[in-house]
Amino acid sequence: MPQPDTTLDLDRFFAAIVKSIWSAYPRLQLVEAFRTDRSNLALPACLIELVELEPTDNPGTEQLAVVAHIEATVIVDFRDIGAKVQVAKLAADIAHHVQGQRWGLPVEAATISAIAPSDFDPDLDQFEVWAVEWRQTIHIGRSIWDDGDPLPSEVLISHAPNIGVPHEGDYTPVGGI
């Protein structure tokens with residue numbers, strides 16, 4: 001039986017997150033990952049950032065297993081009526097959407113770690129801003145098991161000198177001796 005393909009490209013991962021959030025919230029005017037220009041934002045907006053990649057348990061595939069710490073910055077115009085409530089509700093809605101998401105990719109389910117006001121970015125001082133933070137375990141790189149060949153489903157043993165291809169009939173299943 002072939003192993004599941006857990007190879008993940010970070011560009012594909014963030015594109016899937018952006019697509020999912022934008023599809024779920026069509027009233028957002030901007031959903032973008034890794035945006036560097038924070039001036040002239042179309043609002044309301046949701047900006048996605050990778051905050052950290054924390055190494056985690058080896059999956060036995062020679063891939064790099066990491067817990068991705070991701071942040072969605074939710075932004076509304078401070079002049080909007082009820083802006084403080086709007087941004088909090090939108091952040092909570094986005095968190096609800098993110099919780100448990102796999103984005104159609106071979107990753108572990110997203111787990112929300114924080115939903116809170118965010119005032120750490122001076123470029124966003126003229127806006128109402130909240131952050132939704134989540135963690136997701138992902139595997140980076142290609143698995144050594146992705147060679148296309150099926151994994152063995154039965155382990156056979158034999159004893160020297162009756163080993164090798166000429167002695168295939170001498171092999172017995174493990175536990176069958």
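**Sheet, helices and loops of the predicted model**

In strand S5 (residues 127–140), Ile-138 is the bridge partner of Val-66. Strands here are DSSP runs of E with at least two residues, helices are runs of H or I with at least four residues, and both are numbered from the N terminus. The model is predicted, so local features need pLDDT of at least 70 and side-chain atom pairs count only at pLDDT 80 or more, while totals for chains, interfaces and linings use all residues. Residues are numbered from 1 along each chain as its sequence is written, and side-chain values use heavy atoms, with hydrogens and water left out.

S3 and S5 pair in the antiparallel sense, over 14 bridges. Two strands count as paired if DSSP finds at least two bridges between them. S4 also runs antiparallel to S5, and 6 bridges join the two. Ile-115 has Val-132 of S5 as its bridge partner. Ile-112 stands opposite Trp-134, again in S5. Strands of a sheet pair through backbone hydrogen bonds, either parallel or antiparallel.

The open sheet is formed by 5 strands, in the order S1-S2-S3-S5-S4, with mixed pairing. Strand S1 (30–33) and strand S4 (111–117) stand at the edges. Each has a single partner strand, so one side of each is left without a neighbour in the sheet. From one strand to the next, the twist averages 20°. Helix H2 packs on this sheet and touches strand S2 (45–55), strand S3 (64–77), S4 and S5. Contact means heavy atoms within 4.5 Å. The direction of H2 makes about 10° with that of S5. S5 is mostly covered, with 11 of its 14 residues buried. Buried means under 20% relative accessible area, exposed means over 50%, and partly exposed lies in between (1.4 Å probe, protein chains only).

Helix H1 (residues 10–24) and helix H2 (residues 83–98) have axes that come within 11 Å and cross at roughly 125°. Axes are lines fitted to C-alpha atoms, for helices over the stretch in contact, and angles run from 0 to 180 degrees between N-to-C directions. The two helices are therefore oblique to each other. Angles under 35 degrees count as roughly parallel, over 145 as roughly antiparallel, 65 to 115 as roughly perpendicular, and the rest as oblique. H1 contributes Ser-20, Ile-21 and Ala-24 to the contact, and H2 contributes Ile-94, His-97 and Val-98. These residues divide into 4 nonpolar, 2 polar and no charged. Ala, Val, Leu, Ile, Met, Phe, Trp, Tyr, Cys and Pro count as nonpolar, Asp, Glu, Lys and Arg as charged, and the others, Gly among them, as polar.

Gln-86 also belongs to H2. Gln-86 counts as partly exposed, at 25% relative accessibility. Beyond its neighbours within four places in sequence, Gln-86 is in contact with Arg-27, Asp-80 and Ile-81. Gln-86 and Pro-44 lie 42 residues apart in sequence, with 9.7 Å from C-alpha to C-alpha. Pro-44 sits in the loop between S1 and S2. A cis peptide bond joins Leu-43 to Pro-44, with omega about 0°. Another cis peptide bond links Ala-160 and Pro-161, with omega about 15°. Pro-161 is placed in the loop between strand S6 (156–157) and strand S7 (172–173).

Positive phi values occur at Asn-40, near 55°, and at Trp-103, about 60°. Asn-40 is found in the loop between S1 and S2. At 75% relative accessibility, Asn-40 counts as exposed. Trp-103 lies in the loop between H2 and S4. Trp-103 counts as buried, at 8% relative accessibility.
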